[in-house]
Amino acid sequence: MGIINKISIIIFSVLILITSIIGCLIIFGWISIATLATFLAALIATPSAAGTILIIFAVCIILSIRGIFFDIDKKDKMRVKDGILLQNSDGKLLITKETLENLVNNVIKGFENVEKSTNRIVLEEGTNNLIINAVLTVKQGAVIKELSNNLQQRVKETVKISSDLDVKEVNISIKNIENN
């Protein structure tokens, strides 16, 4: 969420809180509507206060229109839902999770001691970092530690070369060891 969105939510929340407190004070009879009207009339009569209030209201109107009519998180939704959206001066590139999973599967298939594999790509929020979770079935006699170290290194290198994305983690789980 961007800084403008956070500020918008804070301003909106503060205004709703103040309005709610004033409404409760009026309903409980702790403050009269006439007193509130007198206070607001005196506040608006002061030029500097009236100017400040006008600016606050104008900003609230603009933020409200933006929130109602424009999809603020469209880019983030597309990234989380479909993959990672990369952008430069020439255009956009969407690398889907499916593409990344196929890339990782092809790297894993290149290891002779791996029988079967499934993987899942996790896109780290707010960055273009990936976390790859791979579940493997390996052949009997495989040196699991050596296999996993080599696999982690090769997956990271291949994804970096192919997509220019950083792999934060390659987590490997050995599901089963199959007899030859």
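D164 sits in the loop that runs between helix 6 (144–163) and strand 5, where helices (H or I, at least four residues) and strands (E, at least two) are DSSP runs numbered from the N terminus. The model is predicted, with local features needing pLDDT of at least 70, side-chain atom pairs counting only at pLDDT 80 or more, and totals for chains, interfaces and linings using all residues. Residues are numbered from 1 along each chain as its sequence is written, and side-chain values use heavy atoms, with hydrogens and water left out.

With a relative accessible area of 56%, D164 is exposed; on this scale, buried means under 20% relative accessible area, exposed over 50%, and partly exposed in between (1.4 Å probe, protein chains only). Between D164 and V114 there are 50 residues in sequence and 26 Å in space, taken from C-alpha to C-alpha.

D164 also takes part in a salt bridge with K160, in which the closest N and O atoms are 3.3 Å apart, the term standing for a side-chain nitrogen of Lys or Arg within 4 Å of a carboxyl oxygen of Asp or Glu. K160 is partly exposed, its relative accessible area being 35%. The side chain of K160 meets that of D166 in a salt bridge as well, at 3.0 Å from N to O, and D166, at 39% relative accessibility, counts as partly exposed. Through salt bridges that share partners, K160, D164 and D166 are joined into one network.

A search of the whole structure finds three salt bridges, and one of them is formed by the side chains of K116 and E178, at 3.5 Å from N to O. K116 belongs to strand 3 (residues 114–123) while E178 belongs to strand 5 (residues 166–178), so this pair ties together parts that lie 62 residues apart in sequence. E178 counts as partly exposed, at 24% relative accessibility.

The last stop is N105, a residue of helix 5 (residues 97–109). The side chain of N105 makes a polar contact of 2.8 Å with the side chain of N119; such a contact is a pair of N or O atoms within 3.5 Å, and within protein one atom must be able to donate a hydrogen and the other to accept it, while residues adjacent in sequence count only if both atoms are side-chain atoms. When residues up to four places away in sequence are not counted, N105 touches S117 and N119, contact here meaning heavy atoms within 4.5 Å.
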